[in-house]
Amino acid sequence: MPGYTAGDALDWHWVWVGDFGHYVIWDMGSAVSGARVYPSQNHGPYIGGEFDEYDVYASNDQTTWVMATQIALYYDHDEAHMMTHDGVKDYTFSGPLYQFVKIVAARDSDYEIDAVEVLPPPAPAPEFNMSLPIITSIATVLYISIRKRLNRK
Ligand SMILES: [Ca+2]
Ligand SMILES: [Ca+2]
C-alpha cells in the first residue's frame, strides 16, 4: 500500500482519512474470505463512535465493490475506560473470496486504522465431553443407594 504503509501492520501507526467518502484500499495479496480490522480509537465515544466510523467493502477488480458484514467486535476494558488499541473488528465477505479491501469513512468524517489482516479461520468447535455427565450420573446413583441404605437402618 504505497503512501499508506502505516496501515500495513499493527504497530501503533495508523492511516487516517479526513472526510466522508474518503477511503484507503488494502491489497490482501490473494483472495480471502474476510478481514480483521484494527481501528485506533484516539478518543471516545468508542462503541458507535470511534469503533464504527467506516464501512468495509471487498473487490477483485477494484471496480465492483460488495459491502462486508461485521461479524465480531472484541475489546478490552469496559466501554467507559477504553484505550487507543483496545478493539478489533472482524468482517466476512459472506462466501466469495476477494483480494482488495476498501475502507470508507462513512459514518464519521475521519477514521484511524492501524492494520487490516486476513480474517483468521474460525476456531474448531469444542468436542462434547461425555465423561462429565457419566461421572455425574454414577455419583448420583451412588448417593441415592447410600441414602436408601442409611434410611433402612
Ligand atoms: Ca476518528
Ligand atoms: Ca499500523
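What share of the 153 residues in the chain is buried? Buried residues make up 25% of them, where a residue is buried if 20 or more other C-beta atoms lie within 10 Å of its own, exposed if 12 or fewer, and partly exposed in between, with C-beta atoms placed from the backbone. The structure is a predicted model, in which local features need pLDDT of at least 70 and side-chain atom pairs count only at pLDDT 80 or more, while totals for chains, interfaces and linings use all residues. Residues are numbered from 1 along each chain as its sequence is written, and chains are lettered from A and ligands numbered from 1 in the order in which they are written.

The chain contains one helix and nine strands. These elements are DSSP runs numbered from the N terminus, with helices being H or I of at least four residues and strands being E of at least two. Along the sequence the pattern reads β-β-β-β-β-β-β-β-β-α. Among the contacts with a separation of 6 or more, 73% join residues 24 or more positions apart; a contact here requires C-beta atoms, placed from the backbone, to lie within 7 Å.

Strands of a sheet pair through backbone hydrogen bonds, either parallel or antiparallel. In this analysis two strands count as paired if DSSP finds at least two bridges between them. One open sheet is built from five strands in the order β1-β9-β3-β7-β6, with antiparallel pairing. Its edges are taken by β1 (15-17) and β6 (69-75), each of which pairs on one side only. On average, neighbouring strands of this sheet are turned by 30° against each other, direction ignored; the axes behind this angle are lines fitted to C-alpha atoms (for helices, over the stretch in contact), and angles run from 0 to 180 degrees between N-to-C directions. Within the sheet, β3 (residues 34-39) and β7 (residues 87-92) pair in the antiparallel sense over four bridges, and Gly-34 has Thr-92 of β7 as its bridge partner.

The C-alpha atoms of Tyr-74 and Gly-87 are 5.5 Å apart, although the two residues are separated by 13 in sequence. Tyr-74 counts as exposed because it has 10 C-beta neighbours inside 10 Å.

A further open sheet has four strands in the order β2-β8-β4-β5, again with antiparallel pairing. Here β2 and β5 stand at the edges with a single partner strand each, so one side of each is left without a neighbour in the sheet. Strands β4 and β8 pair in the antiparallel sense over six bridges, with Tyr-54 opposite Ala-105 in β8.

Strand β8 also holds Tyr-98. This tyrosine, Tyr-98, is buried because it has 23 C-beta neighbours inside 10 Å. Beyond residues up to four places away in sequence, Tyr-98 touches Ala-31, Val-32, Ala-58, Ser-59, Asn-60 and Phe-93. Tyr-98 and Met-28 are 70 residues apart in sequence, yet their C-alpha atoms are 8.4 Å apart in space.

Where does the nonpolar interior gather? The largest nonpolar core has 25 residues, and Ala-35, Val-56 and Ile-103 have the most contacts inside it. Such a core is a set of buried Ala, Val, Leu, Ile, Met, Phe, Trp, Tyr and Cys residues joined through C-beta atoms within 7 Å. At least two residues of this core come from each of β1, β2 (23-32), β3, β4 (54-59), β8 (98-105) and β9 (111-118). The largest share, five residues, is supplied by β8. Leaving aside neighbours within four places in sequence, Ala-35 is in contact with Val-56, Ala-68, Tyr-91, Val-101, Val-116, Glu-117, Val-118 and Leu-119.

The loops hold some backbone details worth a look. Most residues other than glycine have a negative phi, and most peptide bonds are trans. The peptide bond from Gly-44 to Pro-45 is cis, with omega near -5°, and Pro-45 sits in the loop between β3 and β4. Gln-62 has a positive phi near 60° and belongs to the loop between β4 and β5 (66-67). Gln-62 is exposed, since 11 other C-beta atoms lie within 10 Å. Ser-94, likewise not a glycine, has a positive phi of about 60° and is placed in the loop between β7 and β8. With 13 other C-beta atoms within 10 Å, Ser-94 is partly exposed.

Conventions:
Contact = placed C-beta atoms within 7 Å.
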